[in-house]
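Below is a briefing on a predicted model. It covers strand pairing, domains and confidence, in that order.

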Amino acid sequence: MFRRHRRLVTALTATLLATACTAGGGGSPADSGPKAEAPQTIEVWHGWSAPHEVKAFDDAVAGFRRLHPNITVKLVKGQDDTKILNAVRGGNPPDVVSSFSTNNVGQFCSSGALQDLTPFLQKDNVDLGIFPQAVQTYTQYKGARCTLPLLADDYALYTNKALMKGEQPPKTISELTALAKKLTVRNPDGSIKVAGFLPSDTYYEHVPEHIAPSFGVTWLNAQGRANFASDPGFTKYLRWQKSLLDWYGYDNVKKFVHSMGQEFEASNPFEKGKVAMAVDGEWRVKFLQQEAPKVQYATTPVPVNDDRQTTYGGGFVTGTVIGIPRGARHPQASWEFVKYMTTNTDALVTFANGLGNVPSTIPALSSPKLTLPPQFQTFLDVFKNPNSTTIPSTVNGGDFIVKFQSFVQDQWEPGKVSDLHQGLTKLDTQVDNALKLAGG
Amino acid sequence: MAAVLTAGPATVVATRARRRHRIRVLAFMSPWLIGFSFFFAYPLAATVYFSFFRYNLFQLRPVGLTNYRFLFKDPYAWTAIKNTLWLVVVMVPSRVLFGLGLAQLLAKIKRGGNLLRAIFYLPFLIPPVAATVAFVFVVNPGTGPINGIAAKIGIHLPDWFNDPAWTKPGLTLLALWGIGDVMIILLAALLDVPKTLYEAAAIDGANAWQQFRRITLPTISPVLMFSVVTGVIQTLQYFTQAMVAANASQGNADQAGTTTAPGYPDGASLTFPQTLYNEGFQQFNMGYACVLALVLFAVAMVFTLILLRRFHAFGDDD
């Protein structure tokens, strides 16, 4: 009996050793698996699910199908990061995956769930310079580039021309503050009838990651630790935000914000003419076209703090990412697909036109085939502006931004923080503890 | 020696018979044993094992008791524990009392009782996400009719899901709206109380309260106990409604690269299972999520033991 067990153990050990020795030993992943020219089917998981989104992706893939008739592309809609991670972990991943959350890039890259694309990029001499710096940042983690961008989102200031009463859109925070006060209309009881600009974190897209970059904040320090107490940009942002909030009255803002409908409904207060200026993503252009075609509006970059006027024109940039999971069976064909979808101007422009998003390469921005309204130009300019920024990837899915947002929304805005520096130092400790727990 | 030799074959036969009997028993029990091993024992053992590791679903690194120590300095976990306990203490008794009151009423109604039972049971059949979104919309002070109508008659209702002080009471109201499950089992229990007991009590001069206290309550108390303990276990696992209410009342939609803090407003709707989900599937701290799961398991286990003991006690009484 013992002999039988010993044989079993020996066989298992041999298998394990053989697996360990052969895993990753077959040369570069860029050369593994069937050649891209071989007939094969690749499965692509993506998160879009609305019929017009699915159609837009399918239209964008059409060019790839023509270019690579030997590769059959099977598109699977409505997939999220949890499903992707489970499939990779289960050893049966699709060939290509796309994720909406750039916050999870740190996890994807550091865990090896998605393959490092560097060997593929080097093999085909893909110039990363076609992607703006911010985009290059959010698609990698500590040098491991496991994703590439597939369309992008960025943010700008929308101004309602009728409510602006002939005023020019602001370029600095002081201009924004002055205009916000001037354009605000109050009811007899002091409550807000029309808001100039709502500084609250609870107003849809006015979250810190979209507004704080105007104050030049650096989210994490060089050691990858929280920087809230050390970076004066955060203090400037918070003090400005609170001072304007107090001018409105916290309760008035709360009442106004809570009386609004959902962000993506026709009851959106900017579309309804209840807000004169609002920071929002490029997708609002398409919503305005469909839901409020009569609203006359302009788009300009988000105003910057007065000591940072040279950086005007940039903004917050993020987007969808695409990569090849560990264990994908057709890595070479998958790479051809990823390369085509992320670098081919026609594919990006077709997709961008369909979704109303920003095409994610600099050459695609100037394509004559882009059929988006004139207000969209601001978003194309913000996207390629060297002053545009993003948030860094971490191993714990952007926990630092969630904690900062909680601090702003729940502590700072209601006036529960008596000592800002002390509050931010405590926040730094909480963020760092969570980062350490996750091995960051 | 001879005695031993003669007794030997009989002992062997008896041993074989016992072994065969055991195998037979095990064979009959095997569906349960297999299910228990694969779906309970193994996941539980794995959860305990992973709780000593930093585990992001792909990489496993031993960290000793670090995950357990972090529990004591994690403010989110403590907020979630407080909220969950609040819900257990307030929501569970509210549901049982409301369900009992409603069942009492429906048990007494002679005409139209079936229709009323269906009306009160219906909200329980609505999927939790749809029910929560609808409820949040209805009580929203800006877009819903309830607060508006109340204001017109001079009653100023709170901003339920946007005010930290009123979020948990709002969730309790939502739970009372979907009272159908508790109501129906209590109604069945009430209808099972022998009418002769009430008749005898009435002859002895017992009033309505005395009849309820001395006849109804003792008779239906096993069902009441069942409702309480299953209610506690369900509330310890309270997740969907709290998360949907927070998102719906916040008005924001999930966008690429945009993150929203859980537990809106001010952590008031953050429940323990939400924290567990957030740690495991948003931050990929599977090791720490396992610690949270074990805490939840331990608390739920304590209540399950209470349930078993109480049922045992009722059994003895019988």
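Two strands pair if DSSP finds at least two bridges between them. Strands (E, at least two residues) and helices (H or I, at least four) are DSSP runs, numbered from the N terminus. On that basis, strand 4 of chain A is joined to strand 9 (residues 317–323) of chain A by five bridges, and the two run antiparallel.

This is a predicted model: local features need pLDDT of at least 70, side-chain atom pairs count only at pLDDT 80 or more, and totals for chains, interfaces and linings use all residues. Residues are numbered from 1 along each chain as its sequence is written, while chains are lettered from A and ligands numbered from 1 in the order in which they are written.

**Strand 4 of chain A**

- Strand 4 spans residues 148–160 of chain A and is mostly covered, with 13 of its 13 residues buried. Buried means 20 or more other C-beta atoms within 10 Å of the residue's own; exposed means 12 or fewer, partly exposed is in between, and C-beta atoms are placed from the backbone.
- A:Ala298 is the bridge partner of A:Thr159.

**Domains of chain A**

- Domain bounds come from an automatic or database domain assignment. For chain A it gives domain 1 (29–153 + 317–384) and domain 2 (154–315 + 393–437).
- The C-alpha centres of these two domains of chain A are 30 Å apart.
- Their contact takes 23 residues from domain 1 and 21 residues from domain 2 of chain A. Contact means C-beta atoms, placed from the backbone, within 7 Å.
- On the domain 1 side, helix 4 (105–111), strand 4 and helix 16 (377–384) of chain A each supply at least two residues.
- Helix 16 of chain A gives the most to that side, with five residues.

**Domains of chain B**

- The assignment for chain B gives domain 1 (2–50) and domain 2 (74–317).
- Their centres, taken over C-alpha atoms, are separated by 43 Å.

**Confidence**

- The model scores ipTM 0.76 and pTM 0.83.
- Chain B has a mean pLDDT of 87, and 91% of its residues reach 70 or more. pLDDT is the predictor's confidence in each residue, from 0 to 100.
- Over residues 1–5 of chain B, pLDDT stays under 50, and the model has zero contacts beyond four places in sequence for them.
- Where pLDDT is low, the predicted coordinates should not be read in detail.

Methods. Two residues are in contact if their C-beta atoms, placed from the backbone, lie within 7 Å.
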